[in-house]
Amino acid sequence: MSQTDQSLAAGVCDLESGACALPGDSAALPGAAADRPGPGTGLTRITYVTDPICSACWILEPAWRSLTERYRDLIDVRHVYGGLLRGWQGFHDEGNGIRRPEDVAHHWDEFAEISGQPINSSVWRSDPIDSSYPPSIALAAVRLLAPEHEEAYLRRLREELFLDGRNIAAPELLEALVVELGLDVASYRRLIDNGEAAFEFERDLVRTHELGARGFPTLILEGPDGRVVLHGWIQPERLENTFLTVSGATRRPAVSSLDEATDRLGTGTSLEYAALTGHSVTDVEGLLTRAGATSRPAGKGKAWSPRPRNQH
């Protein structure tokens, strides 16, 4: 890595702000502002500054998936990975009581309790993540190899971590998910081994600082009617209203068909299905159960996988 990111060590997440901050930066995150038009393509560009192990970004998933699934044709998404956890050496956060990886588990449990988005925090006790750089570099490799699969790969990483409690820095898991998406694993390995993926990630680290993003999630929405910066996890209504403001788009209804919702989301939490369909969590869980979807525990909540259509 270049000198640009030598100061990055580990970032922590704040319950009050709903954001995961970069280490060593106590300045306020950029607030919302509408100051200039976005790209002239008619699309709204959303630059999403994030990190694969960012718990606040996982809590944003209900709002994020509801927006992107309903307005997919109007949005151009660009992900930027900012390097939340370089390593644990010398790191401590007295304010949040975090000195060791296992201390993060309680912190994640608090995020889950407040947000309602389930989190499996067991990884910090059983197989703690040493750094978020390996999965970020893997994401950069997928971007170079097959950019249309980058978002799906990021989602699978988050499911493995936040639903199943797996260490997503493990090279074998990173490669297995490449295979799962049907990508050329030999080309993926080459991008990892020759340093191209690491260089692409390094560009993201520089871009994070250029954008003034000092925490995750940071969303920069640039549309025909303006530009707005959002940070921290926010409710679906606020994210949608902000998008409508900068895009000039007409509000679209929630997805009323459960079949359509399962086609769009696949594996999802109760809160994610509720956000997309407009139902309450209780009602959507009943609908999913009656539709034959299977659920599994994820922290104190549930993750759902729809039944394949060819099963009766």
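The model is predicted, so local features need pLDDT of at least 70 and side-chain atom pairs count only at pLDDT 80 or more, while totals for chains, interfaces and linings use all residues. Residues are numbered from 1 along each chain as its sequence is written, and side-chain values use heavy atoms, with hydrogens and water left out.

Helices (H or I, at least four residues) and strands (E, at least two) are DSSP runs numbered from the N terminus. Strands of a sheet pair through backbone hydrogen bonds, either parallel or antiparallel. Here, four strands form an open sheet in the order E4-E3-E6-E7, with mixed pairing; two strands count as paired if DSSP finds at least two bridges between them. Strand E4 (75–81) and strand E7 (226–231) are the edge strands, each pairing on one side only. On average, neighbouring strands of this sheet are turned by 15° against each other, direction ignored. Strand E3 (residues 44–50) pairs with E4 in the parallel sense over seven bridges, and Thr 44 stands opposite Ile 75 in E4.

Helix H1 (residues 55–70) packs on the sheet and touches E3, E4 and strand E6 (218–223); contact means heavy atoms within 4.5 Å. The direction of H1 makes about 165° with that of E3. Axes are lines fitted to C-alpha atoms, for helices over the stretch in contact, and angles run from 0 to 180 degrees between N-to-C directions. Helix H8 (residues 196–210) lies across E3 and E4, at about 100° to E4.

In helix H6 (residues 171–180), the residues Leu 173, Leu 174, Leu 177 and Val 178 are buried (under 20% relative accessible area; exposed is over 50%, partly exposed in between, with a 1.4 Å probe and protein chains only). They lie on the same side of H6 because they cover an arc of only 145° around the axis, taken from the directions from the helix axis to the C-beta atoms. The face turned away from that buried side carries the exposed residues Pro 171, Glu 172 and Val 179. Helix H4 (133–145), helix H5 (150–163) and helix H7 (185–193) are among what covers the buried residues of H6. Just after H6, Gly 182 takes a positive phi of about 80°.

The lining of the largest pocket draws at least two residues from each of E3, E4, H5 and H8. E4 gives the most, with six residues.
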